[in-house]
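Please read it alongside the sequence and the coordinates.

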Amino acid sequence: MGYRSLIRQVSGKTATFCSHCSLHGFYYLAGSAPRLVRALWCIVILAGFTLCTILSILIWEKFDKNPTFTVVESAHFPTEDIPFAAVAVCDQQVYGPATTKTTNILTLRGFNASQLTKFYESFVKIKSKHFTSDSEVARMHSVLEELHFSYYDLLYELKKPCSDLVKECSWRGRTFDCSFMFREVFTIYGHCCQFDVNYFTEFAGNDTNLSAGVLKLEALDIIVDSMKVYPNGTVRDGYVMLYIFDQDNQLSLLDSPISLIPATYFDVRIDVWIIEAGDEIKNLQLGSRKCFLDSDNKTYHSCVSNHLMKQVVAACLCLPFNYVDDDKETLYSPCQWPKLGCVYQALDNAQRHMRTIISQRECYQTCDYVQYETKTDYSKPTRLRGIKSSKKENSGLSRVTVHFADNLCIKYRREVLYTWDQMLANFGGIFGLCLGGSIISIIELVWFIFDILATIIHYLCTKEKNKVVKKAWKKNKNSIVPKYPFVN
């Protein structure tokens, strides 16, 4: 009897809910329609719920996995509002005039000219893929290490000074002392001379326009000495590398070089585009926004470079190029000559498998960044403008102009695909499309579910209570003493 009472109560409440519910189709379940009609409407309502669930999941996955999108904010953004790129000139060859001190030390320890030639050549050859270690060269490095001349000390000692590498400098047609424009930096390619606006600003003066133009007269204009000077004084044609990259990054393996050869004019044009992130992007987690903020203290280049260096450390068991390992448990020392062959081979292997390495690491661009892409024209002029020395001395000098390719560029903006109010509107639209519902409908449905649960719980509690009362009544019935015990 109690169970049937529960069924009647639940059926009554369900019929009342279906009769007054604002969700479409439920009305037909409460009427006196034939069972076939009610079964048909049950299928339609279930199909509506299913479609609503699928569409909502698709919207949520799109929001969760890729919640941002990029749009063109302006196709006419002025390049004068974009920081000029950093320019690095790197000579990876041993500079002959700088070898005097090292030559004297090794000569006093019994090494001859032939052995010294092998020693200086090893600084270039060790970077080749097929390098094989020479016992005499290794012994000379060992001697120098005992005198506290490490490989990195020798790189600094044997480098070509910026004053000899970059001979003349001008900015927007105005000549400057090259030491005001170029500073020495240590990179993965050795010691380089780097120009960047942040450094140049300290010496340029308030009357200097720091925005590069598109004309050659508005460019960074430099004269570079790319000749190779041997320790014995012989001078031959050589080459140096020119790199163009974002001044907020450090020079890395991701940057492509431009080879500068003697007596050549190079005109480097920079195509640029810029991306800025909206304020809503910065409120997302890193995995959702997929770009680094300033607070992350990372850039795409630093992230990839750090991953590459970790692979080198794992392969060679030493720390290359002043790399500092974040793992405090790693107690490796800086890489010295015996392990440098392993280091350069590991780097060469990394460059050949760069795509695979990048795909294994979640490295993102910064949320606001500038992309620099270069195009280079070169020619062999009879005379390089700006050089005032003799023709014989000019034969090894190259002129390089670096400027923007256009006055305008494209500016992109990264925005959030759905904000929370838009997500709510999307879910509401799907819910209304599939079931004709609203927030009130959800409240009604929740109220109905809690009402049914309360009815069932009340029934179960009442049933348990009745069992206890009935059991107690039977027990008391057996222990009752007759009022008139002498009456049978």
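1. Into which domains is the chain divided? The structure is a predicted model, and its chain is split into domain 1, made of 1–65 + 421–475, and domain 2, made of 80–383 + 393–416. Between the C-alpha centres of domain 1 and domain 2 there is a separation of 68 Å.

2. On the pair α5 and α6: helix α5 covers residues 113–125 and helix α6 covers residues 135–146, and their axes come within 9 Å, crossing at roughly 85°. Because angles of 65 to 115 degrees count as roughly perpendicular, that is the description that applies to α5 and α6. The α5 side of the contact consists of Q115, L116, K118, F119, S122 and F123, which meet E136, V137, R139, M140, H141 and L144 of α6. Sorted by class, the residues in this contact of α5 with α6 are six nonpolar, three polar and three charged.

3. On the pair α12 and α13: the axes of α12 and of helix α13, residues 337–352, also come within 9 Å, but here the crossing is at roughly 135°, so α12 and α13 are oblique to each other. The crossing of these two helices, α12 and α13, is right-handed. From α12 the contact draws on L308, M309, V312, A315 and C316, and from α13 on K339, C342, V343, A346, L347 and A350. The class composition of the contact of α12 with α13 is ten nonpolar, no polar and one charged.

4. On T299: this residue is placed in the loop between α11 (286–289) and α12 (300–316). Is T299 buried or exposed? Its relative accessibility is 18%, and T299 therefore counts as buried, since the cut-off for that class is under 20% relative accessible area. Once neighbours within four places in sequence are left aside, the residues in contact with T299 are N249, F292, Y364 and T366.

5. On Q371: this residue belongs to strand β13, residues 369–379, and with a relative accessible area of 23% Q371 is classed as partly exposed. Which residues does Q371 touch, not counting those up to four places away in sequence? They are D271, V272, W273 and Q365. A further pairing that may be checked in the coordinates is that of Q371 with A85, for which the C-alpha to C-alpha distance is 9.4 Å although the two are 286 residues apart in sequence.

Methods:
Residues are numbered from 1 along each chain as its sequence is written. This is a predicted model: local features need pLDDT of at least 70, side-chain atom pairs count only at pLDDT 80 or more; totals for chains, interfaces and linings use all residues. Side-chain values use heavy atoms; hydrogens and water are left out. Helices (H or I, at least four residues) and strands (E, at least two) are DSSP runs, numbered from the N terminus. Buried means under 20% relative accessible area, exposed over 50%, partly exposed in between (1.4 Å probe, protein chains only). Contact means heavy atoms within 4.5 Å. Axes are lines fitted to C-alpha atoms, for helices over the stretch in contact, and angles run from 0 to 180 degrees between N-to-C directions. Angles under 35 degrees count as roughly parallel, over 145 as roughly antiparallel, 65 to 115 as roughly perpendicular and the rest as oblique. A crossing is left-handed if the near helix is turned anticlockwise from the far one by less than a right angle, and right-handed if clockwise. Ala, Val, Leu, Ile, Met, Phe, Trp, Tyr, Cys and Pro count as nonpolar, Asp, Glu, Lys and Arg as charged, and the others, Gly among them, as polar. Domain bounds come from an automatic or database domain assignment.
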